[in-house]
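Here is a short report for a first look at this structure. Keep the sequence and the 3D view open while reading.

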Amino acid sequence: MVSPIEEYRGRLKSWNERLARAQGRYNRLGNARLATGIAGVVVAGVSIGVAWISAWWLIAPLGIFVVLAIALSRLDGERDGATRGVAYYERAIGRIEDRWIGTGSQGERFRDAKHVYADDLDLFGRGSLFELLSTARTGAGERTLAEWLLQPGEREEVAGRQEAVAELRPRVDLREEIALMGEDIRAAVDARALAVWGAAPKAEFFKGARVVAFVLASAAVVTLDAFFAQQFTLAPFLCVVLAEMI
């Protein structure tokens, strides 16, 4: 049977390797995008500037640039996920090896100087029980943990929590998936503010907004194609872009 620290170290090594591979691909594609941008400038100079070649040649570097931008965006997400994986298992190993003090949320905002035992048991602050236990990703999660620590629980409720822990203990993949889900939003989402936002009336756009959006998008395509076909100058396209910005 593999011990927890051996399991975590193996997974940490795997995430470090993923991060290194993603970073390497990102650097290579970033250099390719830079080269494509430079090539696009050169093509624009010899086509629009001195008219040695047709402006249609700009489509090639533009298309390559768009493809590279999409690939880099996906790689950026992969890098972020790998970075979160490394951080998650480094913190997990740190907790096992007693290197967790000062690395997590300390729950100072829940400290109550008048509480009967909070300060005596070091529930909050640096090196506190809250910092050791908390892996909460939101303010609501931290608040729930603080409430559990600040007041006794009913027998049935505590037994239910222990059963949940026993069920989750062997499900390392599930815990990893939850930990890596989305951006690191620890304590960034205020549940009360979110509830107020959810109860607010929906934002209304003016009548005909969809029609206007469709017309502007179509106008942008037509004026850009006409510019490449040397039927118009670039001015109509720039006017459409300005209208879209407004």
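Is Leu62 buried, partly exposed or exposed? The model is a predicted one, and here Leu62 counts as partly exposed, because its relative accessibility is 45%. The place of this residue is in helix α2.

Leu62 can also be related to Gly37. The two lie 25 residues apart along the chain. Their C-alpha atoms are separated by 8.1 Å.

## Asp76 in helix α2

Helix α2 also holds Asp76. Its relative accessible area is 28%, so Asp76 is partly exposed.

How far apart are the C-alpha atoms of Asp76 and Leu132? The separation is 31 Å. Along the chain, Asp76 and Leu132 are 56 residues apart.

## The loop between α2 and α3

Helix α2 covers residues 59–96, and α3 covers 129–133. Asp98 sits in the loop between them. Asp98 is not a glycine, yet its phi is positive, at about 60°. Is Asp98 buried or exposed? Asp98 counts as exposed, because its relative accessibility is 55%.

Asp122 is found in the loop between α2 and α3. Asp122 has a positive phi near 50°, and this residue is something other than glycine. At 47% relative accessibility, Asp122 counts as partly exposed. The cut-off explains the label: exposed means over 50%, and buried means under 20%.

## How α2 meets α6

Two packed helices are described by the angle between their axes and by the distance between those axes. For α2 and α6, the angle is about 120° and the axes are 9 Å apart. That angle makes α2 oblique to α6. The reason is a cut-off: roughly perpendicular runs from 65 to 115 degrees, and roughly antiparallel needs over 145. The crossing of α2 and α6 is right-handed.

Which residues make the contact between α2 and α6? From α2 come Gly81, Arg84, Gly85, Tyr88 and Tyr89. From α6 come Val172, Arg175, Glu176, Ala179 and Leu180. By type, the residues of this contact divide into 5 nonpolar, 2 polar and 3 charged.

## Glu176 in helix α6

Glu176 is one of the α6 residues in that contact. Helix α6 spans residues 172–180. Is Glu176 buried or exposed? Glu176 is buried, because its relative accessible area is 12%.

What does Glu176 touch, leaving out residues up to four places away in sequence? The list is Arg11, Trp15, Tyr88 and Tyr89. Tyr88 and Tyr89 belong to the α2 side of the contact with α6. With Arg11 there is also a polar contact, side chain to side chain, at 3.0 Å.

## Arg192 in helix α7

Helix α7 runs over residues 191–199 and includes Arg192. Arg192 has a relative accessible area of 56%, so Arg192 is exposed.

Arg192 can be set against Ile178. The two are 14 residues apart in sequence. From C-alpha to C-alpha, Arg192 and Ile178 are 23 Å apart in space.

## How α8 meets α9

Helix α8 covers residues 209–228, and helix α9 covers residues 235–245. Their axes come within 8 Å. They cross at roughly 160°. That makes α8 roughly antiparallel to α9, because angles over 145 degrees count that way. The crossing of α8 past α9 is left-handed.

Which residues make the contact between α8 and α9? On the α8 side are Leu216, Ala217, Ala219, Ala220, Thr223 and Leu224. On the α9 side are Pro236, Phe237, Val240, Ala243 and Glu244. The residues of this contact divide into 9 nonpolar, 1 polar and 1 charged.

## The two pairings in brief

Both pairings can now be looked up in the 3D view. The α2 and α6 pairing is oblique and right-handed. The α8 and α9 pairing is roughly antiparallel and left-handed.

How values were computed
Residues are numbered from 1 along each chain as its sequence is written. This is a predicted model: local features need pLDDT of at least 70, side-chain atom pairs count only at pLDDT 80 or more; totals for chains, interfaces and linings use all residues. Side-chain values use heavy atoms; hydrogens and water are left out. Helices (H or I, at least four residues) and strands (E, at least two) are DSSP runs, numbered from the N terminus. Buried means under 20% relative accessible area, exposed over 50%, partly exposed in between (1.4 Å probe, protein chains only). A polar contact is a pair of N or O atoms within 3.5 Å; within protein, one must be able to donate a hydrogen and the other to accept it, and residues adjacent in sequence count only if both atoms are side-chain atoms. Contact means heavy atoms within 4.5 Å. Axes are lines fitted to C-alpha atoms, for helices over the stretch in contact, and angles run from 0 to 180 degrees between N-to-C directions. Angles under 35 degrees count as roughly parallel, over 145 as roughly antiparallel, 65 to 115 as roughly perpendicular and the rest as oblique. A crossing is left-handed if the near helix is turned anticlockwise from the far one by less than a right angle, and right-handed if clockwise. Ala, Val, Leu, Ile, Met, Phe, Trp, Tyr, Cys and Pro count as nonpolar, Asp, Glu, Lys and Arg as charged, and the others, Gly among them, as polar.
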